[in-house]
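Try each task before you read its solution.

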Amino acid sequence: MEIKNNLGINPYQAQLDRTQTSDQAAQAARAGKAGETASFARTGDTVTLSPEAKLRAEATSAATNAPDVRQSRVDAIKARVESGEYSVDSRQIASRLLAEEPGLFE
């Protein structure tokens, strides 16, 4: 199968240009023409994140860096248990367990 390029576009031109620019920069560097090498400097690829991607990255970072234990809550409950103020309603816990896991006790 032959594919004809009727548009006159060379798909390899960009690679050829980069190679030529690199060769010219190397020649200028060998010749000691430091000023000329700057004009042949290659530009690298760039990445731009969308606002949504930036927000996700920030949220992931915040979640990763968050402490596993909220010590202030632990201390408050521990103080209530020690003073006898903390009581557990077993019926409320059971109803919440059943609401979250309907097939748990079947």
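**Exercise 1.** Does L97 count as buried, partly exposed or exposed, and at what relative accessibility?

Solution. A word on the ground rules: this is a predicted model, where local features need pLDDT of at least 70, side-chain atom pairs count only at pLDDT 80 or more, and totals for chains, interfaces and linings use all residues. Residues are numbered from 1 along each chain as its sequence is written, and side-chain values use heavy atoms, leaving out hydrogens and water.

- Take the cut-offs: buried is under 20% relative accessible area, exposed is over 50%, and partly exposed lies in between (1.4 Å probe, protein chains only).
- L97 has 39% relative accessibility, so L97 is partly exposed.
- L97 sits in helix α5.

**Exercise 2.** Find the partner of E52 in a salt bridge (a side-chain nitrogen of Lys or Arg within 4 Å of a carboxyl oxygen of Asp or Glu).

Solution. 
- The partner is R56, with the closest N and O atoms 3.2 Å apart.
- E52 and R56 are four residues apart in helix α3, so about one helical turn separates them.
- Both residues, E52 and R56, are exposed.
- Searching the whole structure gives one salt bridge.

Note on methods: Helices (H or I, at least four residues) and strands (E, at least two) are DSSP runs, numbered from the N terminus.
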